[in-house]
Structures are given as C-alpha cells and as structure tokens.
Amino acid sequence: MATPAKFLLSATAPAQFPPPGLPEVAFLGRSNVGKSTLLNTLIGRKMAFTSNTPGRTQAVNFFEIDGRMLFVDLPGYGFAKAPKSVSRGWQEVIDSYLLDDRKCLKLCVLLLDSRRGWMEIDIQLKEWLEFHQRPYMVVATKVDKLNQKEKNASQKAIRERYPSGSLLWFSGLSGQGVKEIWQTIWKTTAQ
Ligand SMILES: Nc1nc2c(ncn2[C@@H]2O[C@H](COP(=O)(O)OP(=O)(O)OP(=O)(O)O)[C@@H](O)[C@H]2O)c(=O)[nH]1
Ligand SMILES: [Mg+2]
C-alpha cells in the first residue's frame, strides 16, 4: 500500500535545508547500496531516483511522508570512481547535513550491502554516529542475492561489530523487511 508522500526539495547546501520541524529519518550508506530503493519501497512508489550507476543521488533530497515526518535521501559516500572534486562536493553536503545539529533528525538508517558487510567507511560513519549520539539502525540490503548459508555468515559478520542494536534485512525485490523497518521508524519518530 502506498504511503502519502511528496517530494519537498533538493538541497546542495545547508542554506537550502528546510527549516527544522517534522521528525526526520535519514538514509545513509555507500553509493549503490540501495538507499533510494529502500526509500521508494517504504513509500510504496518510485519517488527517489535509483540507478545501476553508483552516485545517482547527488543532493540531499527531502520527502514529506504523510504530513508526519521527512525522509532524507542522501548521496552515497565512498564512490571511488567519481572525480575527486565531485565526490568531495557530495561528502561536504552529507557532512553539512549530519553536522547541522538538526534536533529533528530522529533516526539514521545506516545501510550495508549484505554481501559485503562493514567496510572501513561504514565503520567510520557508525563511530561518528555513536560519538554524536545520533540514534541509528542498521539495514542489510540486497538480501535476495544471498542464500541461507551466506545470510547466516553475513549476519554473524555484521553482528561482530554491532552486537545489540537494531538490525533488519531488506530486499527491494521481494519487499522483505519493509514492515519491520516501518515499525522501527514509527517507534523512533513518535518519541
Ligand atoms: N537485487 C537487489 N537489487 C537492489 C536492491 N536494492 C537496490 N538494488 C539495486 O541496486 C542499484 C542501486 O540502488 P539505489 O537505490 O539507486 O542505490 P543508492 O544507495 O541510492 O545509490 P546512490 O544514490 O548512487 O548513492 C539499483 O540498480 C537497484 O535496483 C535489493 O534489495 N536487491
Ligand atoms: Mg540514491
């Protein structure tokens, strides 16, 4: 079922961020991990651009969800193939959003590719979130690409560095995990 949602604005600098108001849920993760796909699946229709080419999302895109919260689709970090000047620009826009001390940022959804688990840059972001006491959950994406044995191994590896926080599995193909991810979002944004 589709959730009422509308595209609000696309920002490339903090001055363009909407004034703090509704609770915000930000989607963070490496390029191509599936941030925009997860956002679209949660909403129930295609609003954020997705692509096979890493680096598709190039600005901070805000979507208003049911008049109750904002979803924030961020550019992917760590896309090595992007020209340095471009990737640095995106990094700045991600940093500026996270460092903006937005009190309305209620939840960061940190996406990991279930086939790869934690990579150095993900760990840096995780430590940054913990240092700044930002509530976050981890979503392992593209789980449809793993068999059960691989999934068990992936779960073990992810849990080694993240023993007890919220960890959910997601597939954009089957929709696995959508209900549970929504439950966590509702619970966190209602507080
Ligand atoms: N099989 C499978 N493919 C997925 C899944 N999620 C995303 N993809 C594919 O992975 C590619 C990247 O997805 P996006 O949602 O654009 O990734 P992103 O993290 O927003 O990428 P950037 O905006 O470039 O940072 C697309 O081709 C998607 O169709 C999934 O759960 N399963
Ligand atoms: Mg994207």
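Both Glu24 and Arg102 are buried, where buried denotes under 20% relative accessible area, exposed over 50%, and partly exposed in between (1.4 Å probe, protein chains only). The model is predicted, so local features need pLDDT of at least 70 and side-chain atom pairs count only at pLDDT 80 or more, while totals for chains, interfaces and linings use all residues. Side-chain values use heavy atoms, with hydrogens and water left out, and residues are numbered from 1 along each chain as its sequence is written.

Glu24 and Arg102 form a salt bridge with the closest N and O atoms 2.8 Å apart; the term requires a side-chain nitrogen of Lys or Arg within 4 Å of a carboxyl oxygen of Asp or Glu. Glu24 belongs to strand β2 (residues 24-29) and Arg102 to the loop between α2 (84-98) and β5 (105-113), so this pair ties together parts that are 78 residues apart in sequence. Helices (H or I, at least four residues) and strands (E, at least two) are DSSP runs, numbered from the N terminus.

A salt bridge also joins the side chains of Arg30 and Asp122, at 3.2 Å from N to O. Because Arg30 is in the loop between β2 and α1 (35-43) and Asp122 in helix α3 (residues 120-131), the pair ties together parts that are 92 residues apart in sequence. Arg30 and Asp122 are both buried.

In the salt bridge between Asp113 and Arg115, the closest N and O atoms are 2.9 Å apart. Asp113 counts as buried, at 3% relative accessibility, whereas Arg115, at 40%, counts as partly exposed. Salt bridges with shared partners join Asp113, Arg115 and Arg116 into one network. The search of the whole structure finds 5 salt bridges.

How values were computed. Chains are lettered from A and ligands numbered from 1 in the order in which they are written.
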